[in-house]
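Subject: Model for you to look at

Hello,

Please find the model below. My notes on it follow.

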Amino acid sequence: MTRVHPARVPEYLRHMIEAIDRATGYVAGMNAATFEQDTRTQDAVIRALEIVGEAANEARILHVVWQTIKRDLPVLRPQIVRLLARIS
């Protein structure tokens, strides 16, 4: 595990904000069906989410990771299970 460089934490947080803004901008005005048909936008959004994760890892903002684990992942899991059941 790498050591966090405290002086760089603001930079990592800015990267996260920029990536979130890009991801939400890419899908602005789009509905789910349009997003599902647009592989270029899918790729761009997925990359932006990867950047958020990478920056969060570098910044070691563990309270955000904890909130994601407790709040978001329990909601995401059954959605993935339903999707898997639908496509299997």
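How many salt bridges does the count come to? Four. The rule asks for a side-chain nitrogen of Lys or Arg within 4 Å of a carboxyl oxygen of Asp or Glu.

First, the ground rules. This is a predicted model, where local features need pLDDT of at least 70 and side-chain atom pairs count only at pLDDT 80 or more, while totals for chains, interfaces and linings use all residues. Residues are numbered from 1 along each chain as its sequence is written, and side-chain values use heavy atoms, with hydrogens and water left out.

**Overall layout**

The chain has four helices and zero strands. Along the sequence the pattern reads α-α-α-α. Helices (H or I, at least four residues) and strands (E, at least two) are DSSP runs, numbered from the N terminus.

The radius of gyration is 15 Å, whereas a compact globule of 88 residues would have one near 12 Å. That radius is taken over C-alpha atoms, and the globule rule is 2.2 Å times the number of residues to the power 0.38. Along the principal axes, the C-alpha atoms fill a box of roughly 45 × 25 × 20 Å.

Buried residues are 16% of the 88 in the chain. Here buried means under 20% relative accessible area, exposed over 50%, and partly exposed in between (1.4 Å probe, protein chains only). The accessible surface of the chain is about 7,000 Å², and carbon and sulfur atoms hold 61% of it. Areas come from the Shrake-Rupley method with a 1.4 Å probe; for residues, only the protein chains shown count as cover.

Contacts (heavy atoms within 4.5 Å) were also sorted by separation. Of those with a separation of 6 or more, 59% join residues 24 or more positions apart.

**Salt bridges**

Arginine 8 pairs with glutamate 11 at 3.0 Å, N to O. Arginine 8 counts as partly exposed because its relative accessibility is 35%. Glutamate 11 is also partly exposed, at 27%.

Arginine 47 and glutamate 50 form a salt bridge at 3.2 Å, N to O. They are three residues apart in helix α3 (residues 39-59), so about one helical turn separates them. Arginine 47 is partly exposed at 39% relative accessibility, and glutamate 50 is partly exposed at 38%.

Arg47, Glu50 and Glu54 are linked in a salt-bridge network. Glutamate 54 sits in helix α3. Its relative accessible area is 44%, so glutamate 54 is partly exposed. From glutamate 54 to histidine 15 is 39 residues in sequence and 9.5 Å in space, C-alpha to C-alpha.

Aspartate 72 and arginine 71 also meet in a salt bridge, at 3.0 Å, N to O. Aspartate 72 is partly exposed, with 33% relative accessibility.

In soluble globular proteins, nonpolar side chains tend to be buried together. The largest nonpolar core in this chain has twelve residues: Val9, Tyr12, Met16, Ala19, Ala23, Val45, Ala48, Val52, Ala55, Ala56, Ala59 and Ile61. Helices α1 (9-26) and α3 are the elements that each give two or more residues to this core. Helix α3 gives the most, with six. A core is a set of buried Ala, Val, Leu, Ile, Met, Phe, Trp, Tyr and Cys residues joined through side-chain atoms within 4.5 Å.

Alanine 19 touches Ala48, Ile51 and Val52, leaving aside neighbours within four places in sequence.

Glutamine 42 lies in helix α3. It counts as buried because its relative accessible area is 19%. Setting aside residues up to four places away, glutamine 42 touches Phe35, Glu36 and Gln37.

**Surface and loop**

A nonpolar surface patch is made of Leu62, Val65, Trp66, Ile69, Leu73, Leu76 and Ile80. Together they have about 650 Å² of accessible area. Patch residues have over 30% relative accessible area and no salt bridge; like charges are joined within 9 Å, and nonpolar side chains (Val, Leu, Ile, Met, Phe, Trp, Tyr) within 5 Å. Leucine 73 is in helix α4 (residues 62-87). Leucine 73 is partly exposed, at 42%.

Which backbone angle of arginine 60 is positive? Phi, at about 55°, although arginine 60 is not a glycine. Most residues other than glycine have a negative phi. Arginine 60 is in the loop between α3 and α4. It is partly exposed, at 26% relative accessibility.

Best wishes
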